[in-house]
Amino acid sequence: MKKQRSNNRRPGGGRTGGARGQGQKIAGGAKGNPGGRGEASGSLPSRERADVAAAAERPASARPAARAGSSVHEAAMAGLSVVKNDEVVIDIIGMNHDGEGVGRVEGYTLFVAGALPGEKARVKVLKTKKQYGYAKLLDVVEASPDRVAAPCPIYDKCGGCQLQHLSYDAQLAWKRQHVVDVLERIGKLRVAGGAPGAGAPGGDHAVVVRPTIGMAAPWRYRNKAQVPVGVVDGALVGGFYARGSHRIIDMETCLIQHESNDDVIRRVKAIGRRLGITAYDEETGQGLLRHVVVKVGFRTGEMMLVLVTNGDQIPREEEWIAAIREELPSVVSICQNVNTRQTNVIFGDVTRVLWGREVIYDYIGDVKFAISARSFYQVNPVQTEVLYGKTVEYAGLTGQETVIDAYCGIGTISLFLAQHAKRVYGVEIVKEAIEDARVNAKLNGMNHVTFEVGASEDVIPAWKEQGIEADVIVVDPPRKGCDPRLLETILEMKPERVVYVSCNPATLARDLRILEDGGYRTVEVTPVDMFPHSVHVECVVRIYRED
């Protein structure tokens with residue numbers, strides 16, 4: 001799970017459920033490269049998944065001749081089976097990491113947004129590259145039994161979710177299969193019950209991948225909304241960016257947001273319109289209001305509103321604050337963040353309290369956390385408790401262990417672990433996050449937790465020189481995975497157990513291969529659905545050192 005170091009995220013980025021996946025892809029990158037296009041996975045046999053991946057790597061000379069039609073000459077010259085604007089009927093044989101259906105025309109791979117594995121679809125080719133292309137779904141000729149009607153009225157326009165048209169049970173199954181695929185293909189691990197011959201040649205142990213842990217009610221789970229503001233037809237609007245663009249889709253209701261967040265966003269926009277507040281224009285750099293950020297404590301009901309502005313002064317500030325306080329009594333903190341840079345990051349460096357408290361409070365399990373305007377706090381508190389509970393289980397804590405949390409952020413995992421460990425050390429490169437972590441430790445009366453600012457790969461060896469030996473090391477890195485030097489540090493420190501909490505199966509698989517080669521054994525993986533209806537999946541991994 002991402003940490004404080006990536007606070008300045010757009011609504012369509014990072015791990016908030018609004019991002020389009022950044023994992024490895026079926027074509028367009030080197031095989032096994034986590035930065036390429038998402039491999040096809042789920043709902044098709046492993047051999048066929050391998051065939052799909054290989055299809056994009058075939059040389060043009062090995063592909064079939066072009067089909068007859070108006071673009072025969074162009075297709076023949078390019079060595080492709082289809083060209084732009086062709087309409088074809090294809091079988092969808094898989095789904096990539098972006099949630100796009102994967103189909104083929106005479107061996108040529110097409111990615112089709114909105115198509116599901118097992119479907120026959122009529123599509124129009126939008127763009128072709130040498131190894132793969134993109135097509136628009138025109139009609140579902142034969143529908144998958146897992147297809148459902150997306151309940152969100154702007155689902156086809158908004159980029160926040162990618163899988164609402166897939167039944168929730170099928171989403172969970174696909175996410176597990178995606179994890180299995182990358183563990184086998186990138187990590188070269190043998191998964192129990194996986195494809196024959198998959199994983200590392202001659203591997204003597206099989207990794208157990210558990211079913212994805214989902215939510216009983218997979219809606220209204222987000223405790224934070226980050227809404228870009230703009231102008232459409234002269235009116236101030238706020239919502240989400242349309243898929244693949246910076247065009248803002250106005251939104252009144254988001255089915256994955258807590259209802260209170262919807263209410264605050266709606267009323268703040270209305271107040272802004274009444275007061276004549278201008279919206280920031282990315283192209284000109286003019287206008288005041290850039291983003292509206294809302295946070296809600298699920299357990300406490302407390303709310304924070306952050307107005308991100310392109311300048312220090314807010315016209316009619318007192319009137320705005322008075323209106324918010326009158327209409328939104330649950331808001332206990334109103335802050336302003338100033339960001340005058342022409343950038344796509346949300347927050348600037350200066351934050352001030354306009355009214356109320358500097359923080360709101362919430363709980364994960366029995367641990368209380370203070371949440372400030374810019375501190376990172378997991379956006380799905382229900383599933384966060386599940387994720388952290390599995391982390392404690394995999395750490396095998398009895399109350400006598402020393403634990404190091406290598407990417408501690410504001411101390412969420414550290415303090416959760418501290419309930420079951422003798423001593424916990426947390427390290428994080430962002431100074432403000434460590435300050436928050438120390439506040440949270442004090443808030444919970446946890447005096448056996450130590451936090452330090454710095455890079456894990458520098459701080460942990462220094463701790464070792466001081467005589468600090470870890471029984472368990474927990475890593476919870478950003479999407480890019482662990483720093484190579486941190487993995488080297490783990491191999492040198494040789495803790496008995498490592499627990500890896502991951503938000504990116506591709507980089508997880510890469511890092512597990514390094515740990516395996518260094519004498520560790522990947523025992524068990526549990527995917528956790530932190531962001532229902534998006535393509536993202538979290539994993540908790542139990543790793544033991546082999547004697």
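Of the 547 residues in the protein chain, 59% are buried. The structure is a predicted model, and its secondary structure comprises eleven helices and 22 strands. Among the contacts in the chain with a separation of 6 or more, 65% are made by residues 24 or more positions apart. The accessible surface of the chain amounts to about 21300 Å², and carbon and sulfur atoms account for 49% of this area.

Helix α4, residues 259–275, contains 17 residues, and the distance from its first C-alpha to its last is 25 Å, close to the 24 Å expected at 1.5 Å a residue. Its buried residues are Asn-261, Asp-262, Val-264, Ile-265, Val-268, Lys-269, Ile-271, Gly-272 and Leu-275. In general, residues three or four places apart point the same way, because an α-helix has 3.6 residues a turn.

The axis of α4 comes within 10 Å of the axis of helix α5 (residues 317–327), and the two cross at roughly 145°. The crossing of α4 and α5 is right-handed. On the α4 side, the contact involves Arg-267, Val-268, Ile-271, Gly-272, Arg-274 and Leu-275. The residues contributed by α5 are Glu-319, Trp-320, Ala-323, Ile-324 and Glu-327. Within this contact, Val-268, Ile-271, Gly-272 and Leu-275 of α4 are also among the buried residues of that helix.

Asp-263, Arg-266, Arg-267, Arg-274 and Glu-327 belong to one network, connected by salt bridges that share partners. Arg-267 and Arg-274 of α4 and Glu-327 of α5 also take part in the contact of the two helices.

Helix α3 and helix α11 (residues 505–517) pack at an angle of about 35°, and their axes are 8 Å apart. This crossing, too, is right-handed. The contact brings His-178, Val-179, Val-182 and Leu-183 of α3 against Pro-505, Ala-506, Ala-509 and Leu-512 of α11.

The structure holds 25 salt bridges, one of which joins the side chains of Asp-529 and Lys-175 at an N to O distance of 2.6 Å. Asp-529 and Lys-175 are both buried.

Glu-87 pairs with Arg-122, and their closest N and O atoms are 3.2 Å apart. This pair links distant parts of the chain, since Glu-87 lies in strand β1 (residues 87–95) and Arg-122 in strand β4 (residues 120–128), 35 residues apart. Glu-87 counts as partly exposed because its relative accessibility is 48%. Arg-122 is likewise partly exposed, with a relative accessible area of 32%. Asp-349 and Arg-341 form another salt bridge, with an N to O distance of 3.7 Å. Here Asp-349 is exposed, at 63% relative accessibility, whereas Arg-341 is partly exposed, with a relative accessible area of 37%.

Helix α6 was considered next. At 1.5 Å a residue, the 15 residues of α6 (residues 381–395) should span 21 Å, which agrees with the 21 Å between its end C-alpha atoms. Buried residues in α6 are Pro-381, Gln-383, Thr-384, Leu-387, Tyr-388, Lys-390, Thr-391, Val-392, Tyr-394 and Ala-395. The elements that cover them include the strands β14 (360–364), β19 (472–475), β20 (497–502), β21 and β22, together with helix α7 (412–418). Gly-396 follows α6 and has a positive phi, near 60°.

Ser-333 is located in strand β12 (residues 331–338). Its relative accessibility is 0%, and Ser-333 therefore counts as buried, the limit being under 20%. Apart from neighbours within four places in sequence, the contacts of Ser-333 are Met-303, Met-304, Leu-305, Trp-355, Arg-357 and Glu-358.

Note on methods
Residues numbered from 1 in each chain as written. Predicted model: local features only at pLDDT ≥ 70, side-chain atom pairs only at ≥ 80, totals over all residues. Heavy atoms only, no water. Salt bridge = Lys/Arg side-chain N within 4 Å of Asp/Glu carboxyl O. Helix = DSSP H or I, 4+ residues; strand = E, 2+ residues; numbered from the N terminus. Buried < 20%, exposed > 50% of the residue type's maximum accessible area, 1.4 Å probe, protein only. Expected span 1.5 Å × (residues − 1). Contact = heavy atoms within 4.5 Å. Areas by Shrake-Rupley, 256 points an atom, 1.4 Å probe, with all protein chains shown as cover. Axes fitted to C-alpha atoms, helices over the stretch in contact; angles between N-to-C directions. Left-handed = near helix turned anticlockwise from the far one by under 90°.
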